[in-house]
Amino acid sequence: MPFISAADEFVKKSFTDVENKFITKYLPILDPLSVKVYLYALYLCQSGNDAYTLSDLATSLDISEEKAEEYFKYLEEFELVSIVSTSPFEVKILEAENVYGRPKKYKPEKYADFTKNAQNILSGRMISVDEYREYFYFMEDGGFDEDALIMIINYCVSMKDNAIGFNYIKKVIKSFAQDKITTAKKVDERLSDYTSTTPALLKLFTELSIHKKPDITDDKHYKKWTAELGFEDEAIICAAKNFKVKSCDKIDLVLEELYKNKKFDVKEIQDYCKNKNSLYSLALNIAKNLGVYMQNSAPYVQNYISVWCNYGYSFYCLEKISSYCFKNGKNSFEDMNGFITSLYDEGIITDESVNEYIETQIAQDKLLKKILETCGLSRKVVTWDRECLTRWKSWNFSDKMLLEAAKLSSGKSNPLAYMNAILSAWKSENVYTVDKISAPAHVQSDKNDLGITKAKIEQHFYELRNKAEDAAETALAKATSDSEYGNIRRELNELSIELAFAEIKGDPKATSISKKIAELEKKGDKRLAELHIDKSDFTPRYSCVICNDTGYAQDGKPCICMKKFIEDIKI
């Protein structure tokens, strides 16, 4: 029989998982009540009881809130938990495998001189057994000299006071450990080096109204900013003031951002901050123009505004485009992005070229509206209408001829398709002026004549084309509705833009970007296979590859498929 076994009923119940490392390394030496607190906290964490508070836990364990808080601080010293907030009190459970908090039995008499010297330095409070255990660990497992730790403790007291808590001291010790500074000689060199930079740090703190003494971690940051990143004091101060940050950790993040964007001197930093703030203002203005509500503008700035500005579009231009998009049913940042991408692909970037394009589009829409009204239609102008107008213009028909064709199409069952047939017939007969139009009534008078047949033909190809394109759009929408593939698709679009810029500038990063695109495409193909979606479905499958279901070849003449359709109708 095994030493311990479980009844069947017990096996069926739910459990709280406890790491074996906790049982073997921590349980034997932890305070018994702290074990109760830890296990109950572990149970709450794994049961998903989010509504539980420190007060509830204290009541359940029949202890005071203050006592519960003390035990959590005790457990934090062993790095079993992390107190992430004191108001409200919040705790995060950590993995039982840690670097510095691993319990180990040490012989206190071995470190009698150390314990005496440490307590003399920290005369404002008593050093606990657990704190001594941590110091012993740093010396035995961390490789620190006794004198090195005494020097660090003494430094911490000089920075704070003789009642300074262990958490601060441990943070400083870890900082030295990360740089492998564990001997008294190396600690003395580091502290001497720090002292030489103290005046610069004090000046920096005074300029930024930081009301604290600079310490060794601040010194480490300062050396990184000046030696590694290459910022001068004036630039650091300028960055901190413009970003409105007053701690070295936050200044470090700001300078990392500026370093990545190659902004080093005061003017560059000021311009960068001004432009960054302007981007957020621009995002708000565009959102208003589009009628979009933004809860957080940062993602819009990052994914759209910054990209458009990098294309070369001015703020004025983007606001004008957003107004145009709203008036034409493109009422989202994504729709506007599609429109701007099409402009960019055509090289329409400057204010003048965008203005000219928009004015041309407005003029064409006015013409189309007039054509529709002449045809007897009162609906809005749609994409298909614009495609028709583009084709008719490519056939060299003037506005006057288009309106003449619209008059002849008025009252027909499908006016635009009928009009398309008339213009096609005129093109074949080389009729491009009003005076050359002969007997128009005769051409379209009978519902069973060739004119009506052509209208039916145009309607047939219109339906074929729309069917193919709708199927492709539906397939793509289905694929991108999957969050994983949708994210891959968006990342591919962003990388394609980066690649274009890299290739234009001759940037060597183009190769790595191309490689990443290839990897993402493979990942996307794999996801599509899991979704049972064929990537080829994203491309319209026209029934005729010659004319793409328009009925007309590239030379403007009727396609073979149209001729066959006409023959089938005659039969």
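**Exercise 1. Is Tyr300 buried, partly exposed or exposed, and why?**

Solution. The structure is a predicted model, in which local features need pLDDT of at least 70, side-chain atom pairs count only at pLDDT 80 or more, and totals for chains, interfaces and linings use all residues. Residues are numbered from 1 along each chain as its sequence is written, and side-chain values use heavy atoms, with hydrogens and water left out.

Step 1. The classes are: buried, under 20% relative accessible area; exposed, over 50%; partly exposed, in between (1.4 Å probe, protein chains only).

Step 2. Tyr300 has 23% relative accessibility and therefore counts as partly exposed.

**Exercise 2. Classify the ring pair of Tyr300 and Phe333.**

Solution. Step 1. Rings of Phe, Tyr and Trp (its six-membered ring) pair if their centres lie within 6.5 Å; planes under 30 degrees apart count as stacked, over 60 as edge-to-face and the rest as tilted. The structure holds 23 such aromatic pairs.

Step 1. For Tyr300 and Phe333 the centres are 4.7 Å apart and the planes lie at 50°, so the pair is tilted.

Step 2. This pair links distant parts of the chain, 33 residues apart: Tyr300 belongs to helix 15 (residues 298-311) and Phe333 to helix 17 (residues 333-345). Helices here are DSSP runs (H or I, at least four residues), numbered from the N terminus.

Step 3. Phe333 is buried because its relative accessibility is 3%. Together with Tyr304 and Trp308, Tyr300 and Phe333 form one aromatic cluster.

**Exercise 3. Which residues touch the most other members of the largest nonpolar core?**

Solution. Step 1. A nonpolar core is a set of buried Ala, Val, Leu, Ile, Met, Phe, Trp, Tyr and Cys residues joined through side-chain atoms within 4.5 Å.

Step 1. The largest such core has 59 residues, and Phe114, Tyr135 and Phe144 touch the most other members. Helix 8 (residues 146-159) gives the most to this core, with nine residues.

Step 2. Leaving aside residues up to four places away in sequence, the contacts of Phe114 (heavy atoms within 4.5 Å) include Tyr135, Phe136, Met139 and Leu149.

Note on methods:
Helices (H or I, at least four residues) and strands (E, at least two) are DSSP runs, numbered from the N terminus.
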